[in-house]
Amino acid sequence: MGGDASTNSIEDERAAVFPTILAEKVLRPGKDFEVYQDSRAEETTELAASESTDVHAEGGEVLNTFTAILVKESVDEDLGWDLDLLAESRAWVSNVSHYQDTPLQRYNASVPPEKQLRVGDYIKQVNQKAGSVEAMMSALKQDLRLEIVVQRPHVYTKTIVKGGQSMGLALVFGPGSASIIIETVKDGVVKQLCPEVRSGDRITKVNGQRGTSDSFLQTMKASESVDIEFSRCGP
């Protein structure tokens, strides 16, 4: 992937948007996975006031979508969350700060639990900017009033018994990131046993535990049978 001219051009543009974050992808083939390590790391941002609608995922699960209005007191105020920016079109909330005096915590304290922002939620739009994490991050950093569209995830867990086979997954992750994105599902045990797993789904827990991309990979490679929690953003 590193030799592809169009890929290099795109990554150069990302590096310009995130100048402190390396933006190269490295392909490390392995027995169980092909791993594309994306060194754009998690970034930090924030939120406050809301209304909701429902959409339906495959299988009929109701996914709650709501708009949260966050007002920062200054441009550089810490919003109180960490965002995983591995996907190009949406951000994933990987951590929520417990410090009370942040825009996010103030927002969560002002709304009922069903409208509070949680770890695992997806950020789909910020101040009318959607489809690009670069554009959304720019708004989050520069604007004082933030109108944010939040999507609850569709979460499901599958038990994978490898039986000596490759899992057949091409994976993208950042150093120390709290999730792994499935870039491609190829021939292998996951495709055979779990046909519902698809490109763009995230691995968010392994054997019931949150962790880092490194710990997830180590456990999945070392285990003959593994329980994997997948997360998917709704429509």
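1. Before anything else, a working term: a polar contact is a pair of N or O atoms within 3.5 Å, where, inside a protein, one must be able to donate a hydrogen and the other to accept it. Keep in mind too that this is a predicted model.

2. With that term in hand, look at Ser179. Its side chain makes a polar contact with the side chain of Arg202, at 2.7 Å. You'll find Ser179 in the loop that runs between strand E12 (169–173) and strand E13 (180–185).

3. Is Ser179 buried or exposed? Buried means under 20% relative accessible area, and Ser179 has 0% relative accessibility, so it counts as buried. Leaving out residues up to four places away in sequence, Ser179 touches Asp84, Leu86, Trp92, Phe173, Arg202, Ile203, Thr204, Ser213 and Phe216.

4. Now hop over to Thr184, which sits in strand E13. Thr184 has a relative accessible area of 30%, so it is partly exposed. Setting aside neighbours within four places in sequence, Thr184 is in contact with Gly168, Leu169, Ala170 and Ser199. As for Gly168, it is 16 residues from Thr184 in sequence, with 8.4 Å between the two C-alpha atoms.

5. Next, the nonpolar cores. The largest has 24 residues, and those touching the most other members are Trp81, Leu83, Leu117, Ile123, Val126, Leu140 and Ile148. Elements that each supply at least two residues of this core include strand E6 (80–84), helix H2 (103–110) and strand E10 (145–151). Helix H3 gives the most, with 5 residues.

Notes: Residues numbered from 1 in each chain as written. Predicted model: local features only at pLDDT ≥ 70, side-chain atom pairs only at ≥ 80, totals over all residues. Heavy atoms only, no water. Helix = DSSP H or I, 4+ residues; strand = E, 2+ residues; numbered from the N terminus. Buried < 20%, exposed > 50% of the residue type's maximum accessible area, 1.4 Å probe, protein only. Contact = heavy atoms within 4.5 Å. Core = buried A, V, L, I, M, F, W, Y, C linked by side-chain atoms within 4.5 Å.
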